[in-house]
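Subject: Structure handover

Hello,

Here is the structure I promised to pass on. Please open it next to this message, and then read on for what turned up.

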Amino acid sequence: MKKILVKAVHGYQRWISPALPPACRYYPTCSNYMIQAIEKHGPAKGIAMGTARILRCHPFCTPGYDFVPDHFSLRRNWSEPPKDEVQK
(Lines give C-alpha, C1' and ligand atoms only; values in the text may rest on other atoms or scores of the structure.)
Protein backbone atom coordinates (compact mmCIF):
# COMPACT_ATOMS: atom_id res chain seq x y z
CA MET A 1 0.00 0.00 0.00
CA LYS A 2 2.84 2.40 0.84
CA LYS A 3 4.43 1.88 -2.57
CA ILE A 4 1.17 2.61 -4.39
CA LEU A 5 0.60 5.84 -2.48
CA VAL A 6 4.20 6.99 -2.93
CA LYS A 7 4.00 6.24 -6.66
CA ALA A 8 0.76 8.26 -6.86
CA VAL A 9 2.49 11.26 -5.26
CA HIS A 10 5.48 10.81 -7.60
CA GLY A 11 3.02 10.81 -10.52
CA TYR A 12 1.57 14.08 -9.23
CA GLN A 13 5.09 15.54 -8.93
CA ARG A 14 6.00 14.39 -12.43
CA TRP A 15 2.86 15.18 -14.44
CA ILE A 16 0.57 17.61 -12.60
CA SER A 17 2.82 19.80 -10.44
CA PRO A 18 4.91 21.21 -13.35
CA ALA A 19 1.72 22.57 -14.94
CA LEU A 20 0.83 24.52 -11.77
CA PRO A 21 2.56 27.63 -10.41
CA PRO A 22 4.82 27.02 -7.38
CA ALA A 23 2.71 27.68 -4.31
CA CYS A 24 4.07 25.68 -1.35
CA ARG A 25 5.14 27.92 1.51
CA TYR A 26 6.90 25.25 3.53
CA TYR A 27 10.10 23.26 3.21
CA PRO A 28 9.99 20.41 2.30
CA THR A 29 7.23 20.84 -0.25
CA CYS A 30 3.80 19.43 0.55
CA SER A 31 4.21 16.47 -1.81
CA ASN A 32 7.62 15.57 -0.34
CA TYR A 33 6.14 15.92 3.15
CA MET A 34 3.37 13.49 2.18
CA ILE A 35 5.90 10.92 0.93
CA GLN A 36 8.01 11.23 4.09
CA ALA A 37 4.92 10.96 6.33
CA ILE A 38 3.71 7.84 4.52
CA GLU A 39 7.12 6.20 4.79
CA LYS A 40 7.58 7.14 8.46
CA HIS A 41 4.06 6.64 9.88
CA GLY A 42 2.32 4.29 7.45
CA PRO A 43 -0.42 4.87 4.89
CA ALA A 44 -3.35 5.97 7.08
CA LYS A 45 -1.45 8.34 9.37
CA GLY A 46 0.76 9.54 6.50
CA ILE A 47 -2.24 10.50 4.37
CA ALA A 48 -3.82 12.26 7.36
CA MET A 49 -0.61 14.18 8.08
CA GLY A 50 -0.12 15.08 4.42
CA THR A 51 -3.70 16.26 4.05
CA ALA A 52 -3.42 18.39 7.20
CA ARG A 53 -0.20 19.89 5.81
CA ILE A 54 -1.88 20.74 2.48
CA LEU A 55 -4.73 22.43 4.36
CA ARG A 56 -2.19 24.48 6.37
CA CYS A 57 -0.43 25.67 3.20
CA HIS A 58 -2.31 28.82 2.22
CA PRO A 59 -1.40 32.47 1.50
CA PHE A 60 -2.03 33.60 5.10
CA CYS A 61 0.20 31.01 6.83
CA THR A 62 3.64 31.61 8.29
CA PRO A 63 6.09 29.97 5.87
CA GLY A 64 9.16 28.07 6.95
CA TYR A 65 10.50 24.66 7.87
CA ASP A 66 7.97 21.96 8.70
CA PHE A 67 9.54 18.52 8.84
CA VAL A 68 7.66 15.29 9.52
CA PRO A 69 7.70 14.77 13.31
CA ASP A 70 8.84 11.48 14.83
CA HIS A 71 5.50 11.14 16.62
CA PHE A 72 2.15 11.37 14.85
CA SER A 73 0.71 14.87 14.95
CA LEU A 74 -1.56 16.87 12.67
CA ARG A 75 -0.05 20.16 13.85
CA ARG A 76 2.90 22.01 12.41
CA ASN A 77 6.33 20.91 13.62
CA TRP A 78 7.85 24.17 14.91
CA SER A 79 11.21 22.68 15.88
CA GLU A 80 14.40 23.70 14.14
CA PRO A 81 15.32 21.63 11.08
CA PRO A 82 18.06 19.03 11.40
CA LYS A 83 21.37 20.42 10.16
CA ASP A 84 21.84 17.66 7.60
CA GLU A 85 18.40 18.48 6.08
CA VAL A 86 19.18 22.18 5.69
CA GLN A 87 22.45 21.60 3.87
CA LYS A 88 20.83 19.51 1.13
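This is a predicted model: local features need pLDDT of at least 70, side-chain atom pairs count only at pLDDT 80 or more; totals for chains, interfaces and linings use all residues.

**The chain as a whole**

The protein chain has four helices and two strands. Along the sequence they run α-β-α-α-β-α. Of the 88 residues in the chain, 33% are buried. Now take the contacts with a separation of 6 or more: residues 24 or more positions apart account for 56% of them.

**Helix α1**

Helix α1 has 15 residues. From first C-alpha to last it reaches 20 Å, close to the 21 Å expected at 1.5 Å a residue. Its buried residues are L5, V6 and V9. Seen down the axis of α1, these fall within an arc of 100°, so they line one face of the helix. The face of α1 turned away from the buried side carries exposed residues: K3, I4, K7, R14 and W15. What covers the buried residues of α1? The cover includes α2 and α3.

**Helix α3**

Helix α3 covers residues 43-56, which makes 14 residues. At 1.5 Å a residue it should span 20 Å, and its end C-alpha atoms are 20 Å apart, which agrees. The buried residues of α3 are G46, M49, G50, A52, R53 and R56. They cover an arc of only 160° around the axis, which puts them on the same side of α3. Their cover includes β1 (26-27) and α2.

Back to A44, which sits in helix α3. Its relative accessible area is 63%. Exposed means over 50%, so A44 counts as exposed. A44 and K2 are 42 residues apart in sequence. In space they are 9.5 Å apart, C-alpha to C-alpha.

**D66**

Where is D66 placed? It lies in the loop between β2 (64-65) and α4 (83-86). Is D66 buried or exposed? D66 is buried, with a relative accessible area of 0%. Leave aside its neighbours within four places in sequence, and D66 is in contact with Y26, Y27, P28, Y33, R53, R56, R76 and N77. Two of these, R53 and R56, are also among the buried residues of α3.

**The largest pocket**

Rolling a probe the size of a water molecule over the atoms shows where empty space is left. The largest pocket has a volume of about 380 Å³. How many residues line the largest pocket? There are 14, and Y12, S17, C24, C30 and S31 lie nearest its centre. The elements that give two or more residues to this lining are α1 (2-16) and α2 (30-41). The largest share, three residues, comes from α2. By type, the lining divides into 11 nonpolar, three polar and no charged residues.

**Where to look**

Then go to D66, buried in the model. Finish at the pocket, with Y12 and S17 among the residues nearest its centre.

Best wishes

Conventions. Residues are numbered from 1 along each chain as its sequence is written. Side-chain values use heavy atoms; hydrogens and water are left out. On a 1 Å grid over the protein atoms alone, a cavity is a set of points where a 1.4 Å probe fits but cannot get out, and a pocket is an open set with protein on both sides within 12 Å along at least five of seven lines; lining residues have an atom within 4 Å of a point. Grid points are joined across faces, edges and corners, and a volume is the space filled by probe spheres set on the points. Ala, Val, Leu, Ile, Met, Phe, Trp, Tyr, Cys and Pro count as nonpolar, Asp, Glu, Lys and Arg as charged, and the others, Gly among them, as polar. The expected span of a helix is 1.5 Å times one less than its number of residues. Buried means under 20% relative accessible area, exposed over 50%, partly exposed in between (1.4 Å probe, protein chains only). The arc is that of the directions from the helix axis to the C-beta atoms. Contact means heavy atoms within 4.5 Å.
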